[in-house]
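Open the model in your viewer and keep the selection tool at hand. The stops below run from one residue to the whole chain.

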Amino acid sequence: MKTKKYFLTSLFTLAMFLLMLPMQAFAADSIGADVPTPTGWYALLTILPLIVILVLLFMKVDMIAAGLVGGVMAMIIGGISLTEANQAFLDSIPGMLSITVPIINSAVAMAVFKSGGYTSALTLVRRGIKGRVEIFAAFIVLLQAAATYMSGIGGGSAMVIAPLAMAALGAIPEVIAAMSIVSAVSFTTSPASLESGIVSKLSGIPVADYVAEMRLFTLGFVILGIAIAFWGAKRRKALFVGEESSEFAGMNNKQLFKMTIPAIFLLGSVILGPIINKAISYSLFTPLVYTMLTVFLIFLCTKFTLNKSLEAMVDGSTYILTRLFSVGIFLAFINMIGQTGAFAAISNVASQAPTAIVVPVAVLAGILVGIPAGAYVGSILTLVLPIAVTLGFSPVAFGFVAMGVGLGSQLSFVNITMQALSSGFQIPILQVVKGNAKWVGLSMAILLVLSLIFG
């Protein structure tokens with residue numbers, strides 16, 4: 001541990017020292033300008049900072065520290081001046097923070113979480129299924145998918161839902177694996193997620209268009225997850241192992257349903273809103289409208305006061321805002337690497353492959369990187385997606401690559417969703433990984449086939 005600490009300290013000190021050195025501009029007038037595709041040994045040299053970043057991420061180094069090291073290497077290789085680097089830094093952060101719709105959706109979904117909307121839904125379903133545990137298991141997975149899709153945060157959803165599932169059913173491997181699968185496909189295609197924001201920012205595809213293109217594929221994997229959980233609970237002859245939450249045990253069904261109304265409304269607005277807007281040729285379900293109405297419904301239908309409802313929404317923005325800020329810093333370093341021509345060099349090699357397998361290969365690369373570095377799904381996307389941009393991928397192909405990284409992260413020991421599932425189900429994370437291997441692996445195989453057909 002001390003050796004690693006000294007190594008990282010030395011690396012960081014060297015990077016900061018090199019930043020102080022005067023450097024001559026090499027290629028273009030600005031970091032974002034087009035650069036020629038490098039060839040020969042120089043092409044290999046431009047890729048080296050990416051390799052170093054990946055190695056550091058695999059070592060569980062913070063993504064900003066890893067990005068700094070790679071960025072400084074890119075400055076030296078490409079002759080990028082400190083002035084240009086500083087401009088890239090200042091441009092990248094506000095660029096990421098300008099992804100407003102995901103921020104708003106995530107914030108209001110977290111307010112629904114805090115008000116108890118999801119816990120009341122689980123309690124209500126448990127009462128209504130009359131002992132059919134497999135139906136309850138399926139609903140847990142559906143709720144995990146819906147909550148993640150609305151909030152864009154798989155780990156945050158699992159932190160709430162996993163303990164409830166554990167209290168009711170115990171640790172059923174198929175349920176845990178199914179929750180992982182639906183989390184991965186939901187947070188990588190959610191209108192409220194960091195990942196969708198990154199896809200939109202790098203590809204130039206509006207978030208709404210990207211989400212619409214991926215919705216059927218997301219639904220397909222959610223149905224697969226529900227089927228896995230249903231089959232697992234039925235096969236194991238699972239039984240309810242705990243009583244209802246004491247907070248909700250004294251409520252009747254009408255009171256419980258009332259508490260779920262904000263969650264139902266928000267989910268309906270996010271999924272059906274664009275369809276309704278198109279049908280009536282009027283933008284009725286806008287972020288402003290459904291945000292204010294959801295907060296007002298939380299006030300009307302739960303114990304939260306209006307002030308507390310609004311505070312919960314504002315507090316709910318903290319998670320995504322801090323991560324957008326971090327990724328904005330990381331992206332500045334990635335842009336420096338891009339200025340050297342690294343992504344153009346990689347895409348030049350990739351373009352030599354048969355067209356039919358370019359997208360599956362990119363998806364496989366995302367999966368393989370996502371497994372060891374799953375704590376940084378957003379940062380991995382900033383490494384992988386620029387190559388897809390240069391290859392002219394379609395919105396669906398971008399989505400498949402993002403899903404690949406997401407599914408890979410569900411076999412990662414450092415992923416926050418995995419950690420939340422380990423904590424919530426009270427089992428070692430190694431057990432979660434082993435239980436996921438079969439079913440997440442199946443989902444990866446299906447994704448590769450879909451990318452071959454539709455990519």
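**Stop 1: a covered serine**

Select S196: at 0% relative accessible area, this residue is buried (buried is under 20% relative accessible area, exposed over 50%, partly exposed in between, with a 1.4 Å probe and protein chains only). This is a predicted model, where local features need pLDDT of at least 70, side-chain atom pairs count only at pLDDT 80 or more, and totals for chains, interfaces and linings use all residues. Residues are numbered from 1 along each chain as its sequence is written, and side-chain values use heavy atoms, with hydrogens and water left out.

S196 sits in helix α10, residues 194–203. Helices (H or I, at least four residues) and strands (E, at least two) are DSSP runs, numbered from the N terminus.

Now show the surroundings of S196. Beyond its neighbours within four places in sequence, S196 contacts F187, T188, T189, S190, V207 and Y210; contact means heavy atoms within 4.5 Å. Zoom in on S190. Its backbone oxygen is 2.6 Å from a polar atom of the S196 side chain.

**Stop 2: two loops, positive phi**

Go to S281, in the loop between α13 (253–280) and α14 (287–301). S281 is not a glycine, yet its phi is positive, near 55°. Buried or exposed? S281 counts as exposed, with 67% relative accessibility.

Next, select Q426, in the loop between α21 (416–424) and α22 (429–454). Q426 also is no glycine, and its phi is positive at about 55°. Its relative accessibility is 65%, so Q426 counts as exposed.

**Stop 3: helix α20**

Select residues 395–409, helix α20. How many of its 15 residues are buried? The count is 14, so to the definition of buried α20 is mostly covered.

**Stop 4: the whole chain**

Zoom out and colour by secondary structure. The protein has 22 helices and zero strands. Its radius of gyration is 23 Å, close to the 23 Å from the globule rule for 455 residues, so the protein is as compact as a globular protein of that length. The radius is taken over C-alpha atoms, and the rule is 2.2 Å times the number of residues to the power 0.38.

Of the 455 residues, 54% are buried.

Notes: Expected span 1.5 Å × (residues − 1). Polar contact = N/O pair within 3.5 Å; in protein donor to acceptor, adjacent residues only side chain to side chain.
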